[in-house]
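Subject: Structure handover

Hello,

Here is the structure I promised to pass on. Please open it alongside this message.

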Amino acid sequence: MHSFHYQDGRLFCEETAMDELAARFGTPLYVYSRRTLLDHYRRLGAALAGLDHKICYAVKANSNLAVLNLLAREGAGFDIVSGGELFRVQRAGGEAGACTFAGVGKTAEEIGAALDAGIYCFNAESEAELEAIDAVARARGVMAPVALRVNPNVDAETHKYISTGKSENKFGIDFDRIEAAYERASKLANLELRGLQMHIGSQLTKVGPFEEAVRKVAPLAARLRDAYGIGFFSIGGGIGIIYQEALPSGRDDWWEGRPEGDGLLTLEAYAKRLVPLLKPLGMKILLEPGRMIAGNAGALVTRVLYTKKGTAKTFRIVDAGMGDLIRPALYQGHHEIVPVREPAGRGRVKADVVGPICETGDFFAQDVELPEMEDGDLLALMSAGAYGFVMASNYNSRPLPAEVLVDGDRADLVRARQSLEDLIAGERIPGEADAKA
Ligand code: LLP
């Protein structure tokens with residue numbers, strides 16, 4: 001259940017009115033609900049209460065220090081994919097010892113930093129990487145904890161850009177080669193085999209692919225446990241969220257009020273179908289959810305700058321663009337667009353909601369029905385808490401937006417809007433000491 005709702009025609013995040021946030025912090029503005037973040041984290045834990053498990057939040061989904069700090073204080077672990085994410089977790093008060101380090105291209109510097117920090121485990125994605133980790137550990141005279149990522153060749157039935165568990169994807173080691181890879185890894189003197197990992201894709205909306213993957217990989221986990229004494233099996237992230245109709249019902253996930261048996265991914269179905277397969281392994285089960293925790297905990301508030309009426313279309317040009325939220329442009333991602341003030345008695349008109357960036361792909365929605373609005377009105381792009389700000393760029397030299405964390409009727413600026421000076425920080429004109437205007 002997320003905490004965005006209308007009250008007397010005004011959109012609120014928890015007990016805070018979003019138009020007030022826009023007035024105070026400007027637009028475009030990312031707004032996150034503390035209550036929703038915690039609720040999602042806790043509900044996943046509750047659904048899996050009968051299982052020895054650990055939730056390692058996928059930092060990539062939303063890596064703001066305030067979000068990480070909140071989850072660290074809840075006892076979450078973290079799934080990181082770079083030295084930068086490790087740095088963030090540590091700065092946010094999280095423990096390196098609660099971090100798993102995934103990703104196909106870890107550099108020697110990142111591996112070294114992770115070893116020095118004492119992370120929980122590397123999730124290695126190739127034989128070559130195992131050798132690199134072993135070499136870095138040997139040079140330091142330490143043992144490196146590793147798990148291998150298996151690619152189970154299961155169709156996650158999601159967008160092709162966020163599908164990871166098929167043989168044609170770059171991720172993990174093929175199912176048919178994984179045992180040979182463990183055998184090789186066991187011969188590398190500075191590796192300590194700790195676990196097995198998989199992740200078949202993101203934004204899954206059916207429970208079937210998860211079940212198929214676990215059914216296929218659990219026997220492998222048991223064999224590896226017996227052969228090498230590995231203690232954990234990470235089943236990855238990927239739990240999808242509802243992007244459609246996030247408002248006004250407050251429904252935000254696949255697990256509320258949905259009938260069982262239609263294959264839709266409810267948390268209950270996820271637990272009911274997976275726990276009986278996982279529990280008999282007697283291993284610690286790791287989960288790496290990102291979107292499920294942060295996605296519907298955030299919205300991007302934007303202001304209508306201009307309305308342009310053409311012969312074919314009406315365009316609402318807003319002050320947020322694909323540089324602020326790239327999901328629609330990159331994955332045809334749908335984000336529900338709602339007015340921050342529901343205008344009473346106004347008709348609805350079809351329009352394209354487009355950003356200011358000089359790209360045809362810079363739109364958030366096409367032919368969407370919205371209340372008639374005036375320039376200066378505010379819109380909210382819902383479900384933008386995951387893979388929103390973290391994927392933002394400075395393209396067109398537009399400063400990154402600000403981020404705010406709401407807690408009841410209180411709102412804290414958790415990342416300041418970039419300044420123009422921030423935009424050119426680090427740049428130099430050869431021969432000049434500083435790039436000054
Ligand atoms: N574990 C691994 C190894 C992953 O690669 C990912 C996501 C996750 C966990 C977390 O997945 P989640 O629970 O959030 O689905 N930018 C795309 C999503 C990319 C996901 C990449 N990996 C989007 O906006 O849809």
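Below is what was found in it, grouped by region. Please keep in mind that this is a predicted model.

**Two helices side by side**

Start with helix H8, residues 208-228, and helix H9, residues 267-278. Their axes are 10 Å apart and meet at an angle of about 0 degrees. Angles under 35 degrees count as roughly parallel, so H8 is roughly parallel to H9. From H8, the residues in this contact are Gly208, Phe210, Glu211, Val214, Arg215 and Ala218. H9 meets them with Tyr270, Arg273, Leu274, Leu277 and Leu278. By type, the residues of the H8 and H9 contact divide into 7 nonpolar, 1 polar and 3 charged.

**Aromatic pairs**

The count of aromatic pairs comes to 6. One of them joins Tyr120 and Phe232. The ring centres of Tyr120 and Phe232 are 5.5 Å apart and the planes stand at 35 degrees, so this pair is tilted. Where do the two residues sit? Tyr120 is in the loop between helix H5 (108-117) and strand E8 (121-124). Phe232 belongs to strand E12, residues 232-234. The pair therefore ties together parts that are 112 residues apart in sequence. Tyr120 is partly exposed, at a relative accessible area of 27%. Phe232 is buried, at 1%.

Phe210 and Tyr270 also form an aromatic pair. Their centres are 5.1 Å apart, with 85 degrees between the planes. This pair is edge-to-face. Phe210 lies in helix H8 and Tyr270 in helix H9, so the pair ties together parts that are 60 residues apart in sequence. Are these two buried or exposed? Both Phe210 and Tyr270 are buried.

Ring pairs link Tyr30, Tyr32 and Phe389.

**Tyr387**

Tyr387 is in the loop between strand E19 (378-381) and strand E20 (402-407). Its relative accessible area is 15%, so Tyr387 counts as buried. Phi of Tyr387 is near 55 degrees, a positive value in a residue other than glycine. Which residues does Tyr387 contact, leaving aside neighbours within four places in sequence? They are Lys60, Ala61, Ser202, Arg291, Leu325 and Arg327. Take Arg291 from that list. Arg291 and Tyr387 are 96 residues apart along the chain, yet their C-alpha atoms are separated by 7.6 Å.

Gln332 is found in the loop between helix H11 (327-331) and strand E16 (337-339). Its relative accessible area is 61%, so Gln332 is exposed.

The peptide bond from Thr27 to Pro28 is cis. Omega there is near -10 degrees. Pro28 lies in the loop between H1 and strand E4 (29-33).

**Asp19**

Helix H1, residues 18-25, contains Asp19. Buried means under 20% relative accessible area, so Asp19 counts as buried at 12%. What does the side chain of Asp19 make a polar contact with? The partner is the side chain of Arg10, at 3.0 Å. Neighbours within four places in sequence aside, Asp19 is in contact with Arg10, Val340, Arg341 and Leu378.

**Ser82**

Ser82 sits in the loop between strand E6 (77-80) and helix H4 (83-91). A polar atom of the Ser82 side chain lies 3.3 Å from the backbone nitrogen of Gly84. For the backbone nitrogen of Glu85, the distance to a polar atom of that side chain is 3.0 Å. Not counting residues up to four places away in sequence, Ser82 touches Phe101 and Glu110.

**Where to look**

For a quick tour, begin with the contact between H8 and H9. Then turn to Tyr120 and Phe232, the tilted pair. Next comes Tyr387 in its loop between E19 and E20. Finish with Asp19 and its polar contact to Arg10.

Best wishes

Terms used: Residues are numbered from 1 along each chain as its sequence is written. This is a predicted model: local features need pLDDT of at least 70, side-chain atom pairs count only at pLDDT 80 or more; totals for chains, interfaces and linings use all residues. Side-chain values use heavy atoms; hydrogens and water are left out. Helices (H or I, at least four residues) and strands (E, at least two) are DSSP runs, numbered from the N terminus. Buried means under 20% relative accessible area, exposed over 50%, partly exposed in between (1.4 Å probe, protein chains only). A polar contact is a pair of N or O atoms within 3.5 Å; within protein, one must be able to donate a hydrogen and the other to accept it, and residues adjacent in sequence count only if both atoms are side-chain atoms. Contact means heavy atoms within 4.5 Å. Axes are lines fitted to C-alpha atoms, for helices over the stretch in contact, and angles run from 0 to 180 degrees between N-to-C directions. Angles under 35 degrees count as roughly parallel, over 145 as roughly antiparallel, 65 to 115 as roughly perpendicular and the rest as oblique. Ala, Val, Leu, Ile, Met, Phe, Trp, Tyr, Cys and Pro count as nonpolar, Asp, Glu, Lys and Arg as charged, and the others, Gly among them, as polar. Rings of Phe, Tyr and Trp (its six-membered ring) pair if their centres lie within 6.5 Å; planes under 30 degrees apart count as stacked, over 60 as edge-to-face and the rest as tilted.
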